[in-house]
Amino acid sequence: MLYNTHMIAGLLATESYLVLTGYELKTENIPEICIAMALTLVFSTMPDADQRQSWAGKRFFPLSLILSILGVAHRGLTHSLLFTLVVWYLLTLTPLSDVLVLSAVIAYASHWFIDMFNVTGIQILYPLQMKFKFGTNIDVDGFGEVLFRNICLGLLALITFIWVKPYITDIGIIENLKFFFRFFSI
Ligand SMILES: [Zn+2]
């Protein structure tokens, strides 16, 4: 999948986690929510640092250079459960809160999860070499990916609306919808 698909799917995964765990959209939580979203954009694209010439490869320099020197193959180590656990462990050593650590890990896992919708598949059980995929065989940057990205975008808009709605004063459904469209028209 392309980096923009990964970012949207990552935001959908992180926001779903926050909403489903009852994380409140209170004013004092806004900074942490913003950091969670920023971490999501970074960690949802990071696994593709294993491809030096890709969008992520250029942005995650020198990590991409190190992976290339070590001979790490695309959709191998960085797309595995093992590496996800390493990332999780390293994040727990930082001053980040549990919510932020989990947001980053969920974003990271969302990357290899949606890569399994592609034709190529991923080595999720690396160092085992076998590749896993869902059998949906979506081509990278093809019609299937555009459709997939737009479905994720629609779900992201829906879950954001569900999250934001209780905090809108009871001003009627039309006013709520107006707020919703204004919220996304930036
Ligand atoms: Zn990938």
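Start by selecting Glu-28: at 57% relative accessibility it counts as exposed, where exposed means over 50% relative accessible area, buried under 20%, and partly exposed in between (1.4 Å probe, protein chains only). Before going further, know that this is a predicted model, in which local features need pLDDT of at least 70 and side-chain atom pairs count only at pLDDT 80 or more, while totals for chains, interfaces and linings use all residues. Residues are numbered from 1 along each chain as its sequence is written, and side-chain values use heavy atoms, with hydrogens and water left out.

**Salt bridges**

Lys-26 and Glu-28 form a salt bridge, with their closest N and O atoms 3.9 Å apart. The term stands for a side-chain nitrogen of Lys or Arg within 4 Å of a carboxyl oxygen of Asp or Glu. Side chains of opposite charge can pair when their charged atoms come close. Lys-26 has a relative accessible area of 34%, so it is partly exposed.

How many salt bridges does a search of the whole structure find? It finds three.

For another one, select Arg-149 and Glu-145. Their closest N and O atoms are 3.8 Å apart. Both residues sit in helix H7, four residues apart, which is about one turn of the helix. Helices here are DSSP runs (H or I, at least four residues) and strands are too (E, at least two), numbered from the N terminus.

Next, pick Arg-75 and Asp-115, whose side chains meet in a salt bridge at 3.4 Å, N to O. Arg-75 lies in the loop between helix H4 (63–69) and H5, and Asp-115 in helix H6, so this pair ties together parts that are 40 residues apart in sequence. Both Arg-75 and Asp-115 are buried.

**The zinc site**

Keep Asp-115 selected and show the zinc ion. Which residues coordinate the zinc ion? They are Asp-48 (OD), His-79 (NE2), His-111 (NE2) and Asp-115 (OD), at 2.1 to 2.2 Å. Donors are N, O and S atoms within 2.8 Å of the metal (3.2 Å for Na, K and Ca), and since water is not among the atoms, sites may look incomplete.

If you trace the chain, the donors follow the spacing D-x30-H-x31-H-x3-D. The two aspartates link distant parts of the chain, 67 residues apart: Asp-48 is in the loop between helix H2 (30–43) and helix H3 (55–59), and Asp-115 is in helix H6 (residues 98–115). Asp-48 is buried, and Asp-115 is too.

Among the four donor atoms they run from 92 to 172°, and the site is irregular. Four donors count as tetrahedral if all angles lie between 85 and 135 degrees; four count as square planar and six as octahedral if opposite donors are over 155 degrees apart and all others between 65 and 115; anything else is irregular.

Most residues other than glycine have a negative phi, and most peptide bonds are trans. Zoom to Phe-61 and Pro-62: the peptide bond between them is cis, with omega near 10°. Pro-62 belongs to the loop between H3 and H4. Then jump to Tyr-126 and Pro-127, which are joined by a cis peptide bond with omega near 15°.

Asn-137 is not a glycine, yet it has a positive phi of about 50°; it is partly exposed at 37% relative accessibility. Asp-141, found in the loop between H6 and H7, has a positive phi near 65°.

**A patch on the surface**

Select Phe-143, Leu-147, Ile-151, Leu-155, Leu-158 and Ile-162. Together they form a nonpolar patch on the surface with about 620 Å² of accessible area. Patches are made of residues with over 30% relative accessible area and no salt bridge, joining like charges within 9 Å and nonpolar side chains (Val, Leu, Ile, Met, Phe, Trp, Tyr) within 5 Å. The areas come from the Shrake-Rupley method with a 1.4 Å probe, and for residues only the protein chains shown count as cover. Ile-162 lies in helix H7 (residues 143–164) and is partly exposed at 47% relative accessibility.

**Last stop: the cysteines**

Pick Cys-34, partly exposed at 48% relative accessibility, and Cys-152, buried at 8%. A search of the whole structure finds zero disulfides, a disulfide being a pair of cysteine sulfur atoms within 2.5 Å.
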